[in-house]
Amino acid sequence: MCLMVTADHGPAVSGAHNTIVCARAGKDLISSLTSGLLTIGDRFGGALDAAARQFSNASDAGLIPMEFVNDMRKKGSLIMGIGHRVKSINNPDMRVVILKEYAQKHFPATPLLDYALEVEKITTSKKPNLILNVDGFIGVAFVDLLRNCGCFTREEAQEYIDIGALNALFVLGRSMGFIGHFLDQKRLKQGLYRHPWDDISYIMPETNNSSNIDCI
């Protein structure tokens, strides 16, 4: 299910865009896929592990959600897995809705997910788009699954988080979407991509007439 909901989010996101640009430049599948995958990080699709660590560390330390939010604000740190550019509490991400319903119904226990949802209540009260996004949801939900499924010790579950196993879920799912974009461009025989000039802006330094005169 996680692979299905993370497979694609349209052609406008950075990874899909890079894949499309490379495909239209005549590059092969592996090169185009790699260019898309290289955009994955904290700002795009790579926040699962960081979200899992931040939320679990806070919960394990006994911080109530408000203390966690205030602590991150004091540090000037972003809460990984919180926030979306388009989706909000009033325009929910249906991927998260579907996954949440499944986890709450089928997982043995969801203490960290419950904790994250309480954090979401606080953050969305400040700004409606500060929702628990799909990265954050998968991160905390898989911590719950690893810790409570009965197959792993607490130490083994933590090791999977530490080695980056959760980000691998997004990478695997989104790779399928990137490949789809590559194949679409080849099938449609799209030519070289050129970015529209009206979407490019240069910030020019302010001209100081007096300094120019001095230089002359």
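# Exercises on helices, salt bridges and domains

Asp71 is partly exposed, with a relative accessible area of 28%. This value, like the others below, comes from a predicted model.

**Exercise 1. Determine which residue forms a salt bridge with Asp71, and where both partners lie.**

*Solution.*
Step 1. The partner of Asp71 is Lys75, and their closest N and O atoms are 3.2 Å apart. This distance meets the criterion, which asks for a side-chain nitrogen of Lys or Arg within 4 Å of a carboxyl oxygen of Asp or Glu.
Step 2. Both residues belong to helix 5 (residues 65–75), where four residues separate them, about one turn of the helix.
Step 3. An α-helix has 3.6 residues a turn, so residues three or four places apart point the same way.
Step 4. The relative accessible area of Lys75 is 55%, so this residue is exposed, whereas Asp71 is partly exposed at 28%.

**Exercise 2. State how many salt bridges the count gives, and describe the one formed by Lys121 and Glu118.**

*Solution.*
Step 1. The count comes to six salt bridges.
Step 2. The side chains of Lys121 and Glu118 meet at 3.0 Å, N to O.
Step 3. Helix 7 holds both Lys121 and Glu118, which are three residues apart, about one turn of the helix.
Step 4. With a relative accessible area of 54%, Lys121 is exposed; Glu118, with 36%, is partly exposed.
Step 5. Shared partners also join salt bridges into one network, made up of Asp60, Arg147 and Arg154.

**Exercise 3. Decide whether Asp93 and Arg95, which meet in a salt bridge, are buried or exposed.**

*Solution.*
Step 1. The side chains of Asp93 and Arg95 approach to 2.7 Å, N to O.
Step 2. The cut-off for a buried residue is under 20% relative accessible area.
Step 3. Asp93 has 5% relative accessibility and therefore counts as buried.
Step 4. Arg95 has a relative accessible area of 12%, so Arg95 is buried too.

**Exercise 4. Compare the span of helix 6 with its expected value, and locate its buried and exposed residues.**

*Solution.*
Step 1. Helix 6 (residues 94–106) contains 13 residues. From its first C-alpha to its last it reaches 18 Å, close to the 18 Å expected at 1.5 Å a residue.
Step 2. The buried residues in helix 6 are Arg95, Val96, Leu99 and Ala103. They lie on the same side of helix 6, because the arc they cover around the axis is only 85 degrees.
Step 3. Glu101 and Lys105 are exposed residues on the face of helix 6 turned away from the buried side.
Step 4. The cover over the buried residues of helix 6 includes helix 1 (2–6), helix 7 (111–126), helix 8 (134–148) and helix 10 (165–187).

**Exercise 5. Identify the buried residues of helix 2 and what covers them, then examine Gln185.**

*Solution.*
Step 1. Helix 2 (residues 14–24) has Gly15, Ala16, Thr19, Ile20 and Ala23 as buried residues. Their arc around the axis is only 130 degrees, which puts them on the same side of helix 2.
Step 2. Among the elements covering the buried residues of helix 2 are helix 3 (29–37) and helix 10.
Step 3. Gln185 is located in helix 10. Its relative accessibility is 12%, so Gln185 counts as buried.
Step 4. Neighbours within four places in sequence aside, the contacts of Gln185 are Ile20, Ala23, Arg24 and Gln190. Of these, Ile20 and Ala23 are also buried residues of helix 2.
Step 5. After helix 2 comes Gly26, which has a positive phi, near 90 degrees.

**Exercise 6. Describe the interface between domain 1 and domain 2.**

*Solution.*
Step 1. The domain assignment places 12–43 + 170–190 in domain 1 and 45–151 in domain 2.
Step 2. The C-alpha centres of the two domains are 28 Å apart.
Step 3. Contact involves six residues of domain 1 and seven residues of domain 2.
Step 4. About 450 Å² is buried between the domains, with 56% of it on carbon and sulfur atoms. On the domain 1 side, Gly41, Asp42 and Phe170 lose the most area to domain 2, together 77% of what that side buries.
Step 5. The number of salt bridges between domain 1 and domain 2 is zero.

**Exercise 7. Characterise the position of Ile203.**

*Solution.*
Step 1. Ile203 belongs to the loop between helix 10 and helix 11 (209–215).
Step 2. The relative accessible area of Ile203 is 82%, so the residue is exposed.
Step 3. Ile203 and Thr110 are separated by 93 residues in sequence and, C-alpha to C-alpha, by 48 Å in space.

Conventions
Residues are numbered from 1 along each chain as its sequence is written. This is a predicted model: local features need pLDDT of at least 70, side-chain atom pairs count only at pLDDT 80 or more; totals for chains, interfaces and linings use all residues. Side-chain values use heavy atoms; hydrogens and water are left out. Helices (H or I, at least four residues) and strands (E, at least two) are DSSP runs, numbered from the N terminus. The expected span of a helix is 1.5 Å times one less than its number of residues. Buried means under 20% relative accessible area, exposed over 50%, partly exposed in between (1.4 Å probe, protein chains only). The arc is that of the directions from the helix axis to the C-beta atoms. Contact means heavy atoms within 4.5 Å. Domain bounds come from an automatic or database domain assignment. Buried area is the accessible area (1.4 Å probe) that two parts lose on being put together, summed over both.
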